[in-house]
Amino acid sequence: MRAQSRAVAVLGPTNTGKTHYAIERMLAHRTGVIGLPLRLLAREVYDRIRALRGPDCVALVTGEERIVPDRTQYWVCTVEAMPLEIGADFVAIDEIQLCNDPDRGHVFTERLLTARGLHETLFMGSDTMRPAIAALVPGVQFQRRERMSQLAYTGSKKLSRMPARSAIVGFSVENVYAIAELIRRQKGGCAVVMGALSPRTRNAQVELYQNGDVDYLVATDAIGMGLNLDIKHVAFSATRKFDGRRMRPLGPDELAQIAGRAGRYQNDGSFGVTGEASPLPEEVVEAIENHTFQPVRKLQWRNAKLEFGTPERLVASLELQTHNDWLSRARDADDLVALKTLLALPDTRDRLRDVRDLRLLWDVCRVPDFRSISAAEHAGLLGRVFDFLQGQGRIDPDWLARNIQRIDRTDGDIDALSKRLAYIRTWTYIAQRKGWVDDEKHWREATRAVEDRLSDALHARLTQRFVDRRTSVLLRRLKQKESLVAEVNDKGEVTVEGELIGRLEGFRFRQDKTASADEAKTLRQASLAALTPLFYLRADKFYNAADTEFDFTEQGGLMWGDSAIGKLVKGDDPLRPQVHAFVDDEAGPDVADKVRRRLQHFIDRKIAALFEPLLNMSRDETLSGMARGVAFQMVEAMGVIAREQIANDIKALDQDARGMLRKHGVRFGQYTIFLPLLLKPAPTRLRLVLRSLADGLDEFPESPPPGLVTIPYIREVPAAHYLMAGYRPAGARAIRIDMLERLADLLRATDSRAGFEATPDMLSITGTTLEQFADLMEGLGYKAEKGTRAKAKPEAPVVAEPATAPEALADDTETAAAEAPADDATASEAPAEEALEVFFTFTWAPRPRRDARPERKPQDARNTDARPQEGRRSGKPKGGKPNAGKPGGGKGKDRKPEQPRDFTANPPRKPERIDPDNPFAAALMGLKLKG
């Protein structure tokens with residue numbers, strides 16, 4: 001300590017202004033550090049200095065909070081977190097009498113012995129510390145400060161007769177809750193303050209009391225440390241408490257510390273007992289009123305000069321005894337207990353390779369047990385943290401995120417939220433440690449956000465359970481005719497003057513269902529007054545939102561994020577539905593109209609984007625005659641229509657008309673006329689909604705999952721729904737229409753009269769097994785005959801023609817999967833017998849229609865598309881001959897079936913019309929042009 005440095009002990013009872021004096025002295029120096037006993041008190045002092053000097057020069061450092069500006073001059077800390085290595089001009093320790101505390105006393109004693117400012121050191125606390133400070137701090141100066149007001153004992157009072165502005169003190173959570181419930185029933189409500197509350201919750205509860213919403217405060221002994229409240233009377237509901245080890249009576253000095261919260265500044269106060277607490281003895285009352293207590297004779301101490309050579313030496317240094325008569329070795333603290341527990345584990349021992357690992361283990365063990373769980377469970381958590389830090393250098397972010405996510409819930413009762421708050425304090429403390437996590441800023445903000453949400457939820461639960469505050473606050477504002485301000489958080493919760501009144505779902509207000517009948521009337525009155533301007537602000541935000549923030553549901557609902565904003569309703573045109581906005585009447589017609597217009601813009605643009613090829617075709621004025629008629633029907637069918645429905649119109653189209661329609665993407669399939677672009681998932685989903693609206697369905701069919709080639713066919717579902725979804729029923733399944741047309745292209749190359757077998761390409765296109773493919777083919781009008789044969793041996797593979805050799809399917813995995821189990825059993829029992837395989841032979845076998853007309857003669861059966869007979873339920877592919885399905889095959893009455901075709905154009909005679917849907921149409925057209 002420098003020669004000009006001085007140490008001063010400012011001692012006296014409560015309400016003497018010691019903390020205020022320390023703040024003044026610190027601000028008189030260029031730099032300073034002040035250590036306070038509680039995080040709550042540290043936050044209060046930080047806020048005071050921040051208001052005086054601004055946020056850029058003052059830091060707040062606690063175990064769970066760290067706010068350090070770049071140009072910090074003044075440090076407000078808990079005693080454990082004081083940065084003494086910075087060499088500040090001023091150092092202060094508040095509540096120095098806690099040197100005698102069994103749990104934390106050794107930390108305060110260490111600060112008393114070693115913490116010094118370069119120019120001034122200040123110790124504030126009870127006068128009971130005078131002899132000890134004089135003996136341990138050479139050259140210290142003492143200042144005695146007298147209480148600013150008088151404190152008088154008033155004896156015992158019932159809760160029903162407790163005066164207003166009273167604090168009732170209990171020493172257990174259960175006791176506090178029981179008293180608070182009685183106060184609520186008898187006095188209308190109270191605020192609750194406990195040491196386990198976060199600063200945010202504690203401040204909210206204190207504000208509840210300070211602003212006059214309630215006149216009573218129920219608290220633990222946490223109010224004895226620095227909370228400056230407008231309290232006139234303090235009543236003890238008990239005079240014994242559990243100190244973590246045993247139940248013990250409170251000493252006169254401890255009672256005085258709590259009773260001194262009454263009568264702040266120049267206002268006199270009183271104290272007494274209530275409930276089952278026995279009246280205080282006269283000598284205790286006299287000691288409290290006159291502030292005369294026995295001096296402290298022993299301070300809790302633990303050696304701070306640790307040795308990290310070996311684990312044994314570290315433990316020995318922590319258990320070192322003292323020979324100073326004023327000091328007493330403290331009992332094993334939580335950090336030492338955790339260290340011993342981890343060192344007893346062989347895995348932990350094996351990981352200690354050098355001094356750095358041992359230092360790291362000690363740092364981890366100093367994480368406080370905020371959760372108050374068993375020592376073994378706490379040590380287990382610390383061991384996992386040490387494994388990450390020692391092995392990876394950082395805590396695994398996924399593990400950390402999972403633990404934080406489990407706590408990030410605001411449901412549950414007061415006890416559940418209090419427990420989660422205690423748990424999140426552990427992770428907040430870990431996130432504050434330098435170098436323990438990647439992206440420290442992110443994790444500090446994340447844990448702080450969780451703590452804030454839990455704090456707000458706990459404050460709400462406490463208020464809901466112990467205060468009828470909502471009704472009183474809102475009525476007071478309404479009676480005073482003050483303007484009410486509504487706020488909506490990211491979860492849609494609406495608060496008015498800080499009171500939850502309900503939830504805003506889009507533009508519909510859902511009033512809080514927990515309110516009683518009387519509360520409901522008040523809430524409704526308050527909501528009408530407060531939500532009107534909020535509706536206008538929300539409507540502006542909604543109108544300016546991007547289309548990406550909106551979506552429609554498969555049942556025609558319109559969503560803005562997670563909120564239902566409206567629904568689609570049937571319009572005059574199926575492709576131009578109207579919208580119905582979900583807007584409360586209280587929002588007004590202007591808001592409703594604005595929301596409706598924005599939703600109409602969204603759905604109009606969505607239809608224009610997804611149905612662009614269809615709309616372009618409907619606006620094409622170059623289409624005329626039959627082409628325009630087909631285009632009109634395609635638009636009405638929203639881009640997908642069964643060929644048999646417009647068979648005659650398709651036959652009547654000439655080559656030029658077909659070409660014009662193809663320019664718009666129309667594909668003339670054997671079974672369906674469709675636009676391939678409109679089979680994508682997004683247009684399909686929209687088509688189902690629009691068609692359901694146009695047909696007036698009560699429940700809309702849902703679109704199949706994207707990417708499926710076949711889906712189950714449910715007989716109860718109309719076939720038209722499958723067609724709108726882009727599928728055609730065939731047997732027990734429905735196949736996607738574009739894949740069906742690819743299958744039809746393969747089938748045209750087969751001999752459907754003599755019979756053919758499935759090829760690997762057919763199974764691959766349909767994505768089915770052989771058995772499923774057979775069922776599908778029967779649904780398309782083919783007959784499937786099942787048979788067995790000897791399976792080809794793999795050692796003698798046969799190179800076969802893909803169109804004729806059934807062995808081509810022998811190695812296909814789908815065919816192998818369809819083999820009968822009996823064959824495997826037979827092969828295993830009789831190895832000499834040849835293995836058998838199952839195959840199907842498919843032949844064309846259409847089912848005749850009831851009104852079927854006589855079959856046309858071959859010379860009249862001209863089909864320019866090489867498609868099935870138009871007008872039949874299921875057409876038979878042109879084929880049955882080697883050249884069937886190829887350009888020119890089977891056309892013309894003068895051409896023999898087996899005659900090779902000549903693709904050379906014949907100028908003198910009019911060339912036969914080329915089938916535009918033939919897979920080789922482009923090649924034929926090229927040959928025609930060359931001719």
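Reader: What is the accessible surface of the protein chain, and how much of it belongs to carbon and sulfur atoms?

Author: In this predicted model, the accessible surface comes to about 45,800 Å². Carbon and sulfur atoms hold 49% of that surface.

Reader: What share of the residues is buried, and what makes a residue count as buried?

Author: A residue is buried if its relative accessible area is under 20%. Of the 931 residues in the protein chain, 49% are buried.

Reader: Why is H9 called roughly antiparallel to H10?

Author: The axes of H9 (residues 311-318) and H10 (residues 334-343) cross at roughly 160° and come within 11 Å. Angles over 145 degrees count as roughly antiparallel, so H9 is roughly antiparallel to H10. Their crossing is left-handed.

Reader: Which residues of H9 and H10 meet?

Author: From H9 there are Pro311, Leu314, Val315 and Leu318, and they meet Leu336, Leu339, Lys340 and Leu343 of H10. By class, this contact has 7 nonpolar residues, no polar ones and 1 charged.

Reader: What makes up the contact of H10 with H12?

Author: Asp335, Leu336, Ala338, Leu339, Leu342 and Leu343 of H10 meet Leu361, Trp362 and Cys365 of H12. By class, that is 8 nonpolar, no polar and 1 charged residues.

Methods: Residues are numbered from 1 along each chain as its sequence is written. This is a predicted model: local features need pLDDT of at least 70, side-chain atom pairs count only at pLDDT 80 or more; totals for chains, interfaces and linings use all residues. Side-chain values use heavy atoms; hydrogens and water are left out. Axes are lines fitted to C-alpha atoms, for helices over the stretch in contact, and angles run from 0 to 180 degrees between N-to-C directions. Helices (H or I, at least four residues) and strands (E, at least two) are DSSP runs, numbered from the N terminus. Angles under 35 degrees count as roughly parallel, over 145 as roughly antiparallel, 65 to 115 as roughly perpendicular and the rest as oblique. A crossing is left-handed if the near helix is turned anticlockwise from the far one by less than a right angle, and right-handed if clockwise. Contact means heavy atoms within 4.5 Å. Ala, Val, Leu, Ile, Met, Phe, Trp, Tyr, Cys and Pro count as nonpolar, Asp, Glu, Lys and Arg as charged, and the others, Gly among them, as polar. Buried means under 20% relative accessible area, exposed over 50%, partly exposed in between (1.4 Å probe, protein chains only). Accessible areas come from the Shrake-Rupley method with a 1.4 Å probe; for residues, only the protein chains shown count as cover.
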